[in-house]
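Please look through the sequence and the model shown here before reading on. The notes below are grouped by topic, and they can be followed with the structure open beside them.

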Amino acid sequence: MTHRDEDGRAGVRINPSILAADFVNMQTELARIATADFVHVDVMDNHFVPNLTFGPQMVERIQATSPVPLDVHLMIADPDRWAPEYAEIGAASVTFHLEAATGPVALARRLRQIGARAGVAVKPATPVEGLLDLLDDFDQILVMTVEPGFGGQSFMPETMPKLRRLADEARRRGSSVWLQVDGGIGESTIAQAAEAGADTFVAGSAVFGATDPANAIAGLRAAAHHHRH
């Protein structure tokens, strides 16, 4: 699968967000996205963002039933304390917010030691200049293309220069960091994000709202590949 490519930047990854799934039928919903690369799991604590989803117990159950690895996105306060628990559950990737972490590099190192890929996320208004010298400290950088906290929002094209800046610097340094986007991603917006340098795409309703999720995943993957440089 593409997420196991040795050259992470060469692949395109589609990570459906279960925020758009039917929570009551989670096992069935997960089975519908078996052709995805990861399942994107949004953990919200009603502190860092004004919404509440689920915690480690639910994520552990998702981990036990998912046909694809977990890409956990922590929209929580104090990730320095809580993020390692999600890596210990067995999540393949754990992303925390730069705005919430007190020691992002140390936390990323801890996540890697446990065995997870370490990701860092930035809100639409957060600059990325401070990350440019730290690309090798993370396996993934998530540029939020909506304000975190709720699904179904519209894609914010004004976040693309930030993404392009990260992609240019990653290319210049020969970095294998994955560049992820999350928020309002569908067949029309995935082209903009791919052209700006994203290689990992979180899609919610565009996948789970489709009659045939596998077909939707294939369509998104093809559109991203077409616009990748």
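Predicted model: local features only at pLDDT ≥ 70, side-chain atom pairs only at ≥ 80, totals over all residues.

Contact, as the word is used here, means that heavy atoms lie within 4.5 Å.

- As a general point, strands of a sheet pair through backbone hydrogen bonds, and the pairing can be either parallel or antiparallel.

- Strand β1, which covers residues 13-16, is joined to strand β8, residues 200-203, by four bridges, and the two run parallel.
- Within this pairing, the bridge partner of Ile14 in β8 is Phe201, while the bridge partner of Asn15 in β8 is Val202.
- In a regular strand, the side chains alternate between the two faces of the sheet.
- In β1, Arg13 and Asn15 point one way and Ile14 and Pro16 point the other way, and all are buried.
- In β8, Thr200 and Val202 point one way, whereas Phe201 and Ala203 point the other way, and here too all are buried.
- Strand β7, residues 178-182, pairs with β8 in the parallel sense over three bridges, and the bridge partner of Gln180 in β8 is Thr200.

- Why is β5 described as largely enclosed by the rest of the structure? Five of its six residues are buried, so the description follows from that count.
- Strand β5, residues 117-122, is joined to β4 by five bridges, and these two strands run parallel.
- The bridge partner of Val94 in β5 is Ala118, and the bridge partner of His97 in β5 is Ala121.

**Helices α2 and α3**

- Two packed helices are described by the angle between their axes and by the distance between the axes.
- The axes of α2 and α3 come within 10 Å and cross at roughly 25 degrees, and because angles under 35 degrees count as roughly parallel, α2 and α3 are roughly parallel to each other.
- The crossing of α2 and α3 is right-handed.
- Pro56, Val59, Glu60 and Gln63 in α2 meet Glu85, Tyr86 and Ile89 in α3, and by class this contact of α2 with α3 has four nonpolar, one polar and two charged residues.
- The buried residues in α3 are Pro79, Ala83, Pro84, Tyr86, Ala87 and Ile89, and they pack against β2, α2, β3, β4 and α4.

- Leu111 and Ser176 are 65 residues apart along the chain, and their C-alpha atoms are separated by 17 Å.

**Backbone angles in and around the loops**

- Most residues other than glycine have a negative phi.
- Asn46, which is not a glycine, has a positive phi of about 65 degrees; Asn46 is placed in the loop between β2 and α2, and is partly exposed, with a relative accessible area of 45%.
- Asp78 likewise has a positive phi, near 55 degrees, in a residue other than glycine; Asp78 lies in the loop between β3 and α3, and at 37% relative accessibility it counts as partly exposed.
- Just after α3, Gly90 takes a positive phi of about 120 degrees.

Definitions and conventions: Residues numbered from 1 in each chain as written. Heavy atoms only, no water. Buried < 20%, exposed > 50% of the residue type's maximum accessible area, 1.4 Å probe, protein only. Axes fitted to C-alpha atoms, helices over the stretch in contact; angles between N-to-C directions. Parallel < 35°, antiparallel > 145°, perpendicular 65-115°, else oblique. Left-handed = near helix turned anticlockwise from the far one by under 90°. Nonpolar A, V, L, I, M, F, W, Y, C, P; charged D, E, K, R; others polar. Pairing = 2+ DSSP bridges.
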